[in-house]
Structures are given as structure tokens and as C-alpha cells.
Amino acid sequence: MEPTNVHDPEYYHKVVDCQYACPAHTPVPEYIRLIAAEKYTEAYMVNWESNVFPGVLGRTCDRPCEPACRRGRVDEEPVAICRLKRVAADNKGDITHLLPKIPTKGNGKRIALIGAGPASLTVARDLAPLGYEIHVFDEQIKGGGMMRSQIPSFRLPETVLDEEVNNILNLGIHQHFKTYVSSLKSVLDDGYDAVFIGTGAPRGRDLSNLPGRAEGAANIHIGIEWLASVAFEHTKKIGKKVIVLGGGNTAMDCCRTSRRLGGEEVKVVVRSPFSEMRASPWEKEDAMHEDIPILDNHVPISFVSENGQLKGMTFEKVHAVYDEKGKRSLVPTGEPHVFIEADDVLVAIGQENYFPWIERDLGIEFDKWEMPNVNSTTFQSTNEKVFFGGDAALGPKNVITAVAQGHSAAVSIDLYCQGKPLDVRPDPFTNLVSQKMGIHEWSYDSIVADDDRFVVPQAAKAVTLSDRKKEVELGFDKLVGFKEAERCLNCDVQTVFTENRCIECDACMDICPTDCITFTVNGTEEDLRTRLKAPSLHLNQDLLVSNTLAATGRVMVKDEDVCLHCGLCAERCPTSAWDMQKFFYNTTKAHHGCSH
Amino acid sequence: MTYVRPTFRHPDLPKNKIDFTKKDYEGALSTLCAGCGHDSISGAIIQACFELAIEPHRIAKLSGIGCSSKTPAYFLGNSHGFNSVHGRMPSVATGAYLANRDLVYFGVSGDGDSASIGMGQFVHAIRRNLNMVYLVMNNGCYGLTKGQDSATADNGSKSKAGSTNMFNAIDLVGLGLELGATFVARSFSGDKAQLIPLIKAAIKHPGFALIDVISPCVTFNNNVGSTKSYDYVREHIDATSTVDFVPIMEEITANYEDSKEITLHDGSALQLQKLHQGWNPEDRLSAMTALQNAKEKGEILTGLVYIEPNTNALHDVLQTTKTPLNTLKEDLLCPGIDALEALNESLR
């Protein structure tokens, strides 16, 4: 193999599994160390700089970081990264003086943001400190978008959301709430220098063609619309028997909300097998904890009404069969159809984009699925003035993806307004600094804690089920937060190897607790992976390969897979050929006025 | 102080025949200097015992005093250990071996422990052909007392402080050959590919197995001018052959012209390739010649030097009981009046 190019910032970035997996590339180990040091405000600001809504995401994030966490490959469970973020948010001090200052004199450019959800607010946060005049439009009475309308208060208290939304709106953003934009043309005609569309995926899928749909209509609701109606307090109760259709996180929110609005026998009914449901495992657990059974392998057949009153639904039982390519089909088991009683049915089987308000003669191309053609790097549409982000851009994902796309779109808008090419993206900010303090001293806590993952305490079910707004999760307290933070392996503290210092004494290879390091003759990657000290099974994890070593002509090969970043290789290295160096990676953002 | 070894290991560590992973053969974390050759030898011992699938409680580690003799704390943490007086490890080994011939005896010594203070003990252990591995971690200096030249330091070798050694070195391999050791090898701590199979063969050897391992002292004897530094050894190393240990029942794969296969006492084998010209590992004279030739050329000869695969160890010579003393029961130890009478009668 060729020697690894560690000067490419993406190499070390990829070693930090959590940060690499995060769409916004939040420097996770950095803020976890700050939490362990009780520097909650600083930890919060590292998050705020990167993901804009730490308090919201510390409760509701889809956490792509956690399945990626290296700890999950050596221990039973990954670090509770998401809930540590909440620890920072819960315990932070006053941050107003740390927020970016808005220049008194603007740069003369006006930007319109359609929709006030996470993507738009991110664009606002990134561009306002640069002197842009930002106008945000939303049909609701407050900002937050789906974070307000679709995430129930028992998961995300309104105060937390309001605080983080207002931190952005207070950056001199011109607010146009209760304003439904019905024509993009009219916005463009207003002479904005650029328009950002972050209108989400507002239309919930229905089962329009299922028999009995029309007759039962009064008691059949679209999941996300119903959740919004509850959030804005138009809907305050539901029948005692409720069926929730669907297996995603919206279905989990619907069933749990139903339990709080009078639903006594709430059931989730889903077509797919339990293990293949889209909902996050912890959301399924929370639903079941609230006495909500999940019936899998049930395909809806019809709505059943009597005298115009919905009585329930019939389902066909199926089982999953997979062909040799792994493609799934649901095959009926042949058992008789199942009837389940219901006073109300909530349909939470997905949501989609909907752009009736965008005229089709504005130069914005749409594909056959009525989705705009958006560049997935610049987020520019085929009308150079119009940018998309969040669920509106590339289809429904999650809040953290919307934030990441908002950052990228803001960079593009900034470049566009300066007349610069959009495809030349500014580099990320990176830094690599030795952590050595003494012979056995590092400036990070290199000892690997043995603790199992700590469980987040919850409020008593009797309390939470009787009050829709009572937050279920109590969050880690400071002490448990510290202990959980100590489980972090500090993967951003990189093992940096300098071959011309190596005397090939084998000390690093012998000491490494997880057998990551091998000195051997070079070969192809495929061949090398068979000759390492320990099995090299995760091919998506890189090998760090040195130049040829002078004394023996061998190379040093380090499998990054299960490196604990304990620093023992560097402690046992007599010549400092190994060093532990902290790698900081901050994705490109448009704004510069932020402190971190 | 952050010098703590994590408890996590590689999740897919291979297991040996008795279902142990390498972790089961580890010891405590080393307190020797970073980069010490001795740690690399400890790593080789761990690997060899893991690969041979020896039950850890069937091994006894024995040592004297010195940096080398500290190492048994750093490997085979689940085995028996005896850290004896300086240079007196062979006495303890003799006693232990006589009491229980069923254990694997692994003696670890250093150049001071064997070639100076313990020389008298060392030579007699060879002479008696104890069934043990006697591994010398040889760095040519007294590391624990700040690096003075030891008796194995080469004439002309320069110390870190700049002084040149004026005395001839004791060559433990030459001495072993002379005294009739039945397994003699030399290796280098920086060459695990050679050292691990040699350790495995030494464990399997039914008599006294001497391995002299050059093990650079990074702190006091790794300087320019030293003949025991990593660089010097690598530049002057010459191997008698490559060494592969082939366990019992495993087929020998390669067979080249300049190769030799030696079947060991228990049926396992040593596969030697790229043999030195004129050298026959089973011929003591050719081994001595090869050693002298290398010395004249200024080369350090490593690898297997001499082996006598079927040898009579001390128990065989003395014809002592095959049963470990701790399992000899009263009926055997105290056979009764008739046996005594018979014995007395035979002496009249």
C-alpha cells in the first residue's frame, strides 16, 4: 500500500467515527471532554457552533453518531453521545455574550427564507452575522418548523425549543410569521438577492384507496397533521381505542401522544417485521414502556364503520420472505383477517414533499417525482438564486441533516452573493496538536473507563401520561453525566506516527491492548489485512500505513478499527515516533463571528 | 500518572486449542524503560505459549535479579513464578524440576545474572541437563545500575558515556556448546519472526535449552559505537537459517534444497530453510565452526545453532520417579515393613 496521506484532513476525520457519521460533523469528543471538565457552557457552544440546536438535538436527535461510536465495537454499547449533549444544554450558564454580534452596517444583501424550520434557521444563524438582511416566512405563529409541530412536548419542552429558536431570531432576523407563502414568483419579484426554501416535507401519506376510508373520515387522521394540531392546541382529546398505522418515529410520537389525550387502548400496527421498523430502537422501547403494543406483520385491508361511525380496521397477517438479493416481500400467512377495534386511527406511514406554491416557469426544474433538482453539495437549484435545504431539498431525513444542509446552503448563498463560484468550497478548519505533558502525562484523560452505558432516568409513568407537556426523560445529572462522558475514548486524539524516528523496538506493538499495530512487509491492502496481528474484519475502517522503515524495510500498519486511543503506544515509544495529537475539525461554515 | 492498561481487548481475538486468547497469557504492565528489548521478548514468550496452547498453570517462571529477571512479572500472569536471588535461579530451577518434572520450566536471566554473579550456577545447570528453557536477555550492560559494561559486552564496544570496553566478551552460546548443552540458539529481540519459533522449540525440547537473546538497552546501550544497539545488531546479523515451528500432525508445506527438517522429541518439528553453508544443526562441531566463522567476520550469528533432539535430561539420568513428588501418596512413600526388609536384605 502507498503510505497513508495524513495531510488529507479527511483521514483523521474518519478516525473520529462519531464526528464523521454526524451529518453536521459536530466535534463530539471535544464537547464530551468539556462536559467531563464541568465546562458546560463551553461544551454547549461547541455544539451550538456546529449543530445550532443542542438542547433540541440532545433530546430528539436520530443520533447517527451512536451506531458509529468506536466504543460500540469494543464494549457492549456506545457512548450516550446524544444525552450528553443534553447535559451540556441543561447545565450551561448564560450564553448571550458568546453569541455572534450583528454588524451595525449590513452588507446590502437581502435573503428570503421560506419556512422557519431547522434548515432555514441554520441559514439565518450563519448569514446574519455577515451582515445579510434575513427575512424568514412561516405560516405558523412561531419558528421551529417540524421541531415544534411534530415533536411532542413530552420529548421536547417548548421552553427549550423557544430558547434556541429565539437565539437565532434575535440576531436581527426579520420575522414574517403567520404568513403562508403561496407564490415563489412573488418572493423573487420582491428583489431578494437569494431565496432559501426550507419548507420540509409537509404532506403526510394517506391510505386514500383503502376501503372504508371515506366513511370513517371523521375519525381517521394524518399523523403529522394531527401532531401539529395537538402542538398548537387545536386537538385536545382522542378516542379510548386508537390504532396508529406505521412503524417510524412519527408513529411512535402519535401513539404516545394518544396515550396522553385519553387513549387507553393504543396499538401500533405495522406492515413490516418489528426488527425492520424505521423507528429508532429507543423510541420503540419508550412506546412499549407506556403500555402500547406493537403489532408487526399486519397489512391494512380496510376501515370498518357502522352507521357512519368508525369501529375499527381489518388486517391481513403476513410474514417477510427474502429473495437471494435480500429483497423483501410480505407474503400472507393464510390466517383469517384480524379485526382490531378503534375509535380513532392515526395514519403515520410516511411524509412527502409538496410544492404547489412554486410556479413551474421560474427556471426550477422538477423531476418525475415532483422533487426539485438540487445540487447535493451546493444545494442550489437550477434557478441560481434559489437554494433548498432540509427535507425540502433531498427528501425527508432528520433535524441534524437539515442543519448540515443549512450550513452548506449558507456557504453557497454567501459565495453566490459575492459573485464567487459555488463549486470551490472553502476548506474546513483543522488543527493537530500534541497532547504530551510528561512521560506518562497527557492533556486528555487517557485512561479507558470500564463502565457500562448509563441509563437515562425517566419521570414516573403515572405523572407523564397525565400531562402531555411533562418531559419523560429527566436527563443525566452532573455526576452520571461525568461518568458517561468518561466512557468516551477520545478518538479525536490521534495516534500520529513519524517513521524516521522509529527504531523498530516493537514496544508499541507489544503494549497495544487491542493489537492494532503490526510491523510487516508491505503488500496490497487485501493481503495486508490478512497478515495483521489481530483479525481485520471492518473493511470500512482504514489502515494507517507508514513509509518503508529504514532499518528493516518493513512498514508499520495500524488498523484504526478498535484503537482505544489510550496512548500506550506513545507512552512506550522510546523515540516519540508515536505521539498523541488532538485533531480538531470544523466543517466549513459561512459565518466567522462565532466563538468556540 | 496515566499509565494504565485498558481492560478491553480486540473483540475478535483468536482462541487457541484450549480456548484461551492471548490475554490469558499476559502479565502486568511493564515498568521497564520504554523501548526495552526485554519487553519485546516478553511479547514473544506470550505469543509462543499462546500458540503452543499450554495451560498457564502448567508453566513455572523462574528468574534471578536484574532488568531481565523482572520480566516474569510482565508475562504469563496466570503461571507459577519464583523470583530468586541474584544468579541463583538455576538452583531453584533444579529443585523445582526435581520435585515436579511435569511442569514447563521457563528460566529468564540476564547477562549479569548468568555471565557474572551466576556463572557458577549457569554452567552446572547446563552440565546437569535440566529440562528447562534458559533464556538470557542479553544487553551487554547493567541497566539497573546505570549501564556499566557487563561480561558479555564486546571488546571495543563503546558505552553511552563514551568509554570503550577493554575486555573480551563471554559468549554464552559458545559456552553452552562447549559444556554440552543440547539446544543452543541465539536470537534478537527485534526479530520476533525468528524468536517465537525458537522459544516454542525450546519449550518442546526435553533437555536444557539455551536461548541467548540480544536485547538492546535503549537507555544505556543503544548509542553509536555499541555492539548491542538496535542499529548495530540489525547491520551485523546473520542467521544460520530461517526457523519455522511445525506442531504435531501438521503437514510441512515447503521443501527447498537448502532446507532441513528436525523432528522434535514429541513429534512436532523444526523446519529450517536457507541453511548456512557447511552448518549442520545436529553436529556440534559444525555449530562451533559456524559460530567462530561468524565471529571472525564480525557477524552476529542468530537462529538455531545446535540441537540434539533426543536427549536424556536429569530425571532420565538419575532414573527418578516419573510422578511429581506432590502426588506421591503414602502407599508409595511408605511401602511397609516387607519392602524395608527386602531393601535391607539386598544390602547385606
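The model is a predicted one: local features need pLDDT of at least 70, side-chain atom pairs count only at pLDDT 80 or more, and totals for chains, interfaces and linings use all residues. Residues are numbered from 1 along each chain as its sequence is written, while chains are lettered from A and ligands numbered from 1 in the order in which they are written.

E6(A) and E14(A), the latter spanning residues 344-347, pair in the parallel sense over three bridges; two strands pair if DSSP finds at least two bridges between them. Both belong to an open, parallel sheet of five strands in chain A, ordered E6-E14-E7-E8-E9. E6 (220-222) and E9 (294-295) of chain A are the edge strands, each with a single partner, so one side of each has no neighbour in the sheet.

Let us turn to a helix on this sheet. Helix H13 (residues 223-231) of chain A lies across E6 and E14, at about 85° to E6(A). Such angles run from 0 to 180 degrees between N-to-C directions, with axes fitted to C-alpha atoms, for helices over the stretch in contact. Which residues of H13(A) are buried? They are A:Gly223, A:Ile224, A:Trp226, A:Leu227, A:Val230 and A:Ala231. A residue is buried if 20 or more other C-beta atoms, placed from the backbone, lie within 10 Å of its own. Down the axis of H13(A), the buried residues fall within an arc of 160°, so they line one face of the helix; the arc is that of the directions from the helix axis to the C-beta atoms. Among the elements covering them are helix H14 (249-260) and strand E15 (351-352) of chain A. After H13(A) comes A:Glu233, with a positive phi near 65°.

Now for chain A as a whole:

| Property of chain A | Value |
|---|---|
| Secondary structure | 22 helices and 24 strands |
| Box of C-alpha atoms along the principal axes | roughly 90 × 65 × 45 Å |
| Buried share of the 596 residues | 48% |

Chain A also meets chain B, in a contact that takes 32 residues from chain A and 26 residues from chain B. Two residues are in contact if their C-beta atoms, placed from the backbone, lie within 7 Å. Helix H7 (71-74) and helix H20 (507-511) are among the elements of chain A that each supply at least two residues to its side of the contact.

Key:
Helices (H or I, at least four residues) and strands (E, at least two) are DSSP runs, numbered from the N terminus. A residue is buried if 20 or more other C-beta atoms lie within 10 Å of its own, exposed if 12 or fewer, and partly exposed in between; C-beta atoms are placed from the backbone.
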